[in-house]
Amino acid sequence: MPNVGNHFAERVRGKMVRLFQRLADPCLFTPSDGSAPFTRLVNLDDNGAEIAASSNEYIPELISRAEFLQSEGAVNSGDEFTIGEGISAQQGRLTQRVSMDSVSVTFIYIPLEA
């Protein structure tokens with residue numbers, strides 16, 4: 001009988017990558033270091049379920065998050081992404097890393113005017 005425990009983490013990681021690829025959208029990713037823009041996957045979390053806690057609790061702020069696969073390359077603050085084209089294009093600039101695991105990295109982003 002094979003020992004499934006030895007490869008369990010790899011199997012879970014592989015499944016999470018495939019799930020991310022199904023849910024994510026392609027975007028034009030522009031690194032802040034000046035290297036050439038390229039296409040990669042991004043998953044936006046704009047549902048508004050989390051509201052930023054601030055010193056002034058009477059004015060809640062929406063937290064916009066963008067999640068990227070780590071296997072597609074490095075992600076840093078200041079990097080920009082564009083989803084779509086023309087008038088309906090959505091742009092954002094990454095500001096602060098929120099979380100990172102073996103599959104993805106999540107940043108807070110600010111929307112930019114197209």
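This report describes the strands, the nonpolar cores and the salt bridges of a predicted model.

Residues are numbered from 1 along each chain as its sequence is written, and side-chain values use heavy atoms, with hydrogens and water left out. Because the model is predicted, local features need pLDDT of at least 70 and side-chain atom pairs count only at pLDDT 80 or more, while totals for chains, interfaces and linings use all residues.

**Overall make-up**

Read from the N terminus, the order is α-β-β-β-β-β-β-β-β. Of its 114 residues, 26% count as buried; buried means under 20% relative accessible area, exposed means over 50%, and partly exposed lies in between, with a 1.4 Å probe and protein chains only. Among contacts (heavy atoms within 4.5 Å) with a separation of 6 or more, 46% are between residues 24 or more positions apart.

**The barrel**

Six strands form a closed barrel in the order β1-β2-β5-β8-β7-β6, with antiparallel pairing, and the twist from one strand to the next averages 45°. That angle is taken between N-to-C directions, from 0 to 180 degrees, of axes that are lines fitted to C-alpha atoms, for helices over the stretch in contact. Two strands count as paired if DSSP finds at least two bridges between them. Strand β1 is joined to β2 (residues 38-45) by five bridges, with L28 standing opposite T39, and to β6 by three bridges, with F29 standing opposite F81. Strand β5 is joined to β2 by four bridges, where E67 is the bridge partner of N43, and to β8 by five bridges, where R65 stands opposite I108. Four of the five residues of β5 are buried, so that this strand is mostly covered.

**The nonpolar cores**

A nonpolar core is a set of buried Ala, Val, Leu, Ile, Met, Phe, Trp, Tyr and Cys residues joined through side-chain atoms within 4.5 Å. The largest one has twelve residues, including C27, F29, F68, V75, F81, L94, V105 and F107. At least two residues each come from β1 (25-30), β5 (65-69), β6 (80-83) and β8 (104-112), and β8 gives the most, with three. Leaving aside residues up to four places away in sequence, V75 touches F29, R40, F68, L94, V105 and F107. Another core, of six residues, lies apart from the largest one and has V17, A24, L69 and V103 among its members.

**Salt bridges**

There are three salt bridges, each defined by a side-chain nitrogen of Lys or Arg within 4 Å of a carboxyl oxygen of Asp or Glu.

| Pair | Closest N and O atoms |
|---|---|
| E72 and R40 | 3.7 Å |
| D45 and R65 | 2.2 Å |
| E80 and R93 | 2.6 Å |

Since E72 lies in the loop between β5 and β6 and R40 in strand β2, their pair ties together parts that are 32 residues apart in sequence. E72 is partly exposed, with a relative accessible area of 28%, whereas R40 is buried, at 2%. D45 lies in strand β2 and R65 in strand β5, so this pair ties together parts 20 residues apart in sequence; D45 is partly exposed at 24%, and R65 counts as buried at 17% relative accessibility. E80 in strand β6 and R93 in strand β7 (residues 90-100) tie together parts that are 13 residues apart in sequence, and here E80 is partly exposed at 27%, as is R93 at 33%.
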